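Subject: Structure handover

Dear colleague,

I am passing on the structure that we spoke about, and my notes follow below it. Please read them with the model open beside you.

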Amino acid sequence: MTYATDRLHEEIAYVAYHFHWGLDQILDLEHHDRRRYVEQIASLVTRAGTEG
């Protein structure tokens, strides 16, 4: 099974937007590592939204 292209693009945009990483850096990540960064960013964004 392949990972949906739309989902991959969403993850790339999300990580790039929040971490200011380039496309090559993000694509070099293993799938599970990229998903982990997405989850961590989401946690930070949620926490920041409830604190401020």
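**Charged side chains**

Arg 7 and Glu 11 are 4 residues apart in helix H1, so about one helical turn separates them; helices here are DSSP runs (H or I, at least four residues), numbered from the N terminus. This is a predicted model, in which local features need pLDDT of at least 70 and side-chain atom pairs count only at pLDDT 80 or more, while totals for chains, interfaces and linings use all residues. Residues are numbered from 1 along each chain as its sequence is written, and side-chain values use heavy atoms, with hydrogens and water left out.

The side chains of Arg 7 and Glu 11 form a salt bridge at 3.5 Å, N to O, where the term means a side-chain nitrogen of Lys or Arg within 4 Å of a carboxyl oxygen of Asp or Glu. Glu 11 also forms a salt bridge with Arg 34, with the closest N and O atoms 2.7 Å apart. Because Arg 34 lies in helix H3 and Glu 11 in helix H1, this pair ties together parts that are 23 residues apart in sequence. Both Arg 34 and Glu 11 are buried, that is, under 20% relative accessible area, whereas exposed means over 50% and partly exposed lies in between (1.4 Å probe, protein chains only). Arg 7, at 35%, is partly exposed.

A further salt bridge joins Glu 11 to Arg 35, the closest N and O atoms being 2.9 Å apart. Through shared partners, salt bridges join Arg 7, Glu 11, Arg 34, Arg 35 and Glu 39 into one network.

Best regards

Notes. Helices (H or I, at least four residues) and strands (E, at least two) are DSSP runs, numbered from the N terminus.
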